[in-house]
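Subject: Structure for your files

Dear colleague,

Here is the structure for you to look at. My notes on it follow below.

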Amino acid sequence: MAAKISSPIHKRVISTSIGIILVFSVAVGVLLNQLYVQNYSALYAADLVSAVPDIIRELRQDKPLKRKGDFIETQDTVTNPHYLSFICSKEQDIIWMSSEARKAKLDDICRHIPTDIPELDLVYYQESPYAVHTISGATHGIEEHFFVLRNVETQVEKFAILKRKTWFYVALLFVGATGLLYAASYWSFSPLRKLAGELNEIAESRREKLDEDYPPELEDVTDALNRMITLRKAQTQRYRHAMDDLAHSLKSRLAATNALLDDGTLERDIMSKRIVEQVSQMDDMVQYQLKRALLGQQGLMRENTLLQPQVDSLTGMFIKIYGDKPVEVITDFKRLSSLPLNKADLTELLGNLLENAFRYCISQVRIRTEESADSYLLIIEDDGPGVPETYRDSIFQRGVRADQLNPGTGIGLAVCDDIVQSYEGAISVVASDLEGAAFIMRFPKHR
């Protein structure tokens, strides 16, 4: 199944970036147009400066002429043909115009030029654009305004074409930048798509963990996810083992309950009491296994537990289960009467080992403890056939059984190994002087 990136975050990144590019593109377009206008204005101003002497000379030549009303007639003089000069009164009447302006028939131009016009502006007269420039100090009167005009129709058309090209290239820049942005975002988010795909594969049990070839920015995330996946896997394994261990532990209690029900020599009250004891032990076992599955073996509380009561309860149960076999149980706890183990752990440990001892013994089971300088020892022996040397290391693995003839799950000894290891101890099996097997559990004194 193809992995997809979370749509909202991808859209937010793309939308924000496109908005930034759009604002930047518009700003560039406006800035370029302003630069074009300033460039044209500078060129026009520079050209006008070179034409001003001719305009002023024509103005001086006309001043001695007689007025006709308020209008000064001009003589024919050679001036710059691109510029049209006017002097307008406050009432926007023409006082004087250059010869080129008279040829252009701009008789009422003053009425189209505001008196407060800035030094350089654009006005339209008879649908033609004119650049208007005010020349300050060209007249002696304060109520007269000296204007210089130039027809800029060609320049306006060129500027319009240039403006369209500018916006076209700005739009092209925007589209190209947007495309590159989308490609960059697609490439940048590819590790996240890969991560989502691998997580889906893990959820579908097609992968055990994430790859390690992620960018440095995601290494902390992928490492944390891999740790979480490992913890989840361990948790699942603990639940699976706990259920297997629970089923294995309940089997003995159920067998003891069936033996009690089949025992016709017991009175009803005594039978009910012993069945209630078995049911209570089953409930404790269920709670213990569930807690162990949730917290792990290291999360359980440690305590000193007396051995004799636990051994008496368990041997009494197994004597009922294996009633057809006369078994002598020998205990020796004089040197060490208790062990620093959780009560449920000790019960589970003794239950699994004593069940094997009762199953394979001929007539004798021995349970004893010893203490050395740095550890406590719990030893359970029987006079059965023992464990072949080839199986003495592997029987503590789940599913491995030394005896292939009798029914079993191969879980009990693995549970014992888990419990002993949780106390940083070790379990082993050797030959007993009873000629059977001797299971030796060693628990360190200092944890």
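Glu424 sits in the loop that links α9 (412-422) to β13; helices (H or I, at least four residues) and strands (E, at least two) are DSSP runs, numbered from the N terminus. The phi of Glu424 is near 60 degrees, a positive value in a residue other than glycine. Glu424 is exposed, with a relative accessible area of 51% (buried means under 20% relative accessible area, exposed over 50%, partly exposed in between, with a 1.4 Å probe and protein chains only). The loop between β13 and β14 holds Glu435, whose phi is near 80 degrees, again positive in a residue other than glycine. Glu435 is exposed as well, at a relative accessible area of 69%. For background, most residues other than glycine have a negative phi.

On provenance: this is a predicted model, in which local features need pLDDT of at least 70 and side-chain atom pairs count only at pLDDT 80 or more, while totals for chains, interfaces and linings use all residues. Residues are numbered from 1 along each chain as its sequence is written, and side-chain values use heavy atoms, with hydrogens and water left out.

The protein chain as a whole:
- Its secondary structure comes to nine helices and 14 strands.
- Of its 447 residues, 40% are buried.
- Among contacts (heavy atoms within 4.5 Å) between residues at least 6 apart in sequence, 62% join residues at least 24 apart.

Next, the sheet. Five strands form an open sheet with mixed pairing, in the order β9-β11-β12-β14-β13; two strands pair if DSSP finds at least two bridges between them. The edges are β9 (328-332) and β13 (426-431), each with a single partner strand, so one side of each has no neighbour in the sheet. From one strand to the next the twist averages 15 degrees. Strand β12 and strand β14 (residues 437-444) run antiparallel and are joined by seven bridges. Glu381 stands opposite Ala438 in β14. Helix α7 (residues 307-321) lies across β9, β11 (364-371) and β12, and runs at about 175 degrees to β9. Axes here are lines fitted to C-alpha atoms, for helices over the stretch in contact, and angles run from 0 to 180 degrees between N-to-C directions.

Ser375 belongs to strand β12 (residues 375-382) and is buried, with a relative accessible area of 3%. Its side chain makes a polar contact of 3.5 Å with the side chain of Asp374, and another polar contact, of 3.4 Å, joins the side chains of Ser375 and Arg442. A polar contact is a pair of N or O atoms within 3.5 Å; within protein, one must be able to donate a hydrogen and the other to accept it, and residues adjacent in sequence count only if both atoms are side-chain atoms. Apart from neighbours within four places in sequence, Ser375 is in contact with Arg442, Phe443, Pro444 and Lys445.

Last, a helix pair. The axes of α3 (residues 153-188) and α4 (residues 190-203) come within 4 Å and cross at roughly 40 degrees. That makes α3 oblique to α4 (under 35 degrees counts as roughly parallel, over 145 as roughly antiparallel, 65 to 115 as roughly perpendicular and the rest as oblique). Tyr186, Trp187 and Ser188 in α3 meet Ser190, Pro191 and Arg193 in α4. The residues of this contact divide into three nonpolar, two polar and one charged (Ala, Val, Leu, Ile, Met, Phe, Trp, Tyr, Cys and Pro count as nonpolar, Asp, Glu, Lys and Arg as charged, and the others, Gly among them, as polar).

Regards
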